[in-house]
Amino acid sequence: MMPQAAKMEPSVYLKVEEHLSNEGVFLMGDAQVMGFPIRFASPGFEQLYGYHASEIVGKKCGKLIGGPSFFTHIESLSAVATTAGLSMKEAESRIMFITGKAAEACDIMMAFPGSRVGVVLLLNRKKNGAMFVCECLLLNLRHPTLDWSYCVGFQRDITQKVPVRRLLAAAASNEMYAELIQSRSEALDRRREVLLGVGSENVIRYLHEKAMDIFSLDIWRTLRQELLATTGGAIPPEGREPVGAPAILSPASGGPTRGTSQGSCSSRASAGMVTASSNGRPTMMCPGVGRRVALGDRMSPANGRGSPQGRPSTGASALALSQQRGGQKTAVASAR
């Protein structure tokens, strides 16, 4: 049976959440999949970027809001050139330079999980095409019980302090870009202290609980989909989810209902059935690990080297919640 970490006191959890919200918006991505597809975004992300939850989940951050997004919207690339007084070719070159710096920050984050933060100043794009300078701190963590490697990007709009034109001018060379980063050293040190300094253990615990929430809904939605296929739809109606669950993917629509997480199991659920093993414990087929697993056991990769196709090797304890609907009991799983 997998050990369960003690949950944070609600008052502490809310305090940390408020503190992180003051630090800026943040995203959680899957560090075991190329491009770090988004699995969760804080509510402020939608407010900052103007995207609805269904447009965020599963997308790669760079293609959605970063440098690569300018190349798929020529009008935005043209606006960059006009703002900085550059030719289109020069604007493209500067954006590619900044994108390269983002990759370097990701390399630092992945090389020193939980101990070093990658830092980058980005030119990001909102849904309406507006551009802004984004100060981004990147942190890689591994959940202690799920054994899932995930990354967190803490973003902040600093355009008033570092105008777009200044960032693009600094993107002309490594030396000029380094000088710009150095000019932000005091503010960056304060933000690093929040993540890795004294008292940061509550921040890490908060992020781990968010990761568990993502996995919990993976399990719940996978089982819900399995039960829909095996009980003729005799389970709670759409939108009826475990109390306290973050808004995530709606199985029927393929899009999130109230929030911005996405589950690996629910989005790849197969036609496997939920059954009982020889010892009476429920099992299910989870495509994330490529085999049938007993709920409550730690899931491990089928090949012993890592999850198939780079998917995370995950695990949690599942609680069977019996719900009465129309005189028929159905088991609904919620991992916690």
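1. A salt bridge here is a side-chain nitrogen of Lys or Arg within 4 Å of a carboxyl oxygen of Asp or Glu. Helices (H or I, at least four residues) and strands (E, at least two) are DSSP runs, numbered from the N terminus.

2. Before going on, please keep in mind that this is a predicted model, where local features need pLDDT of at least 70 and side-chain atom pairs count only at pLDDT 80 or more, while totals for chains, interfaces and linings use all residues. Residues are numbered from 1 along each chain as its sequence is written, and side-chain values use heavy atoms, leaving out hydrogens and water.

3. How exposed are the two partners in the first pair? Lys 127 is partly exposed, with a relative accessible area of 39%, and Glu 55 is partly exposed as well, at 23%. Buried means under 20% relative accessible area, exposed over 50%, and partly exposed in between (1.4 Å probe, protein chains only).

4. Across the whole structure, a search finds eight salt bridges. One of them joins Arg 191 and Glu 135, at 3.0 Å from N to O. Arg 191 lies in helix H9 (residues 185-196) and Glu 135 in strand S4, so the pair ties together parts that are 56 residues apart in sequence. Arg 191 is buried, with a relative accessible area of 4%, and Glu 135 is buried at 0%. Glu 135 and Arg 191 also belong to a network of salt bridges that includes Arg 184.

5. Helix H9 also holds Glu 186 and Arg 190, four residues apart, about one turn of the helix. Their side chains meet in a salt bridge of 3.4 Å, N to O. Glu 186 counts as exposed, at 59% relative accessibility.

6. Do look at Arg 94 too, in helix H6 (residues 88-111). Arg 94 is buried yet has no salt bridge, and the nearest side chain of opposite charge, Glu 90, is 5.3 Å away. For charge, Lys and Arg count as positive and Asp and Glu as negative, with His and the chain ends not counted. Which residues does Arg 94 touch, not counting those up to four places away in sequence? They are Leu 86, Leu 168, Ala 169, Ala 171 and Ala 172, where contact means heavy atoms within 4.5 Å.
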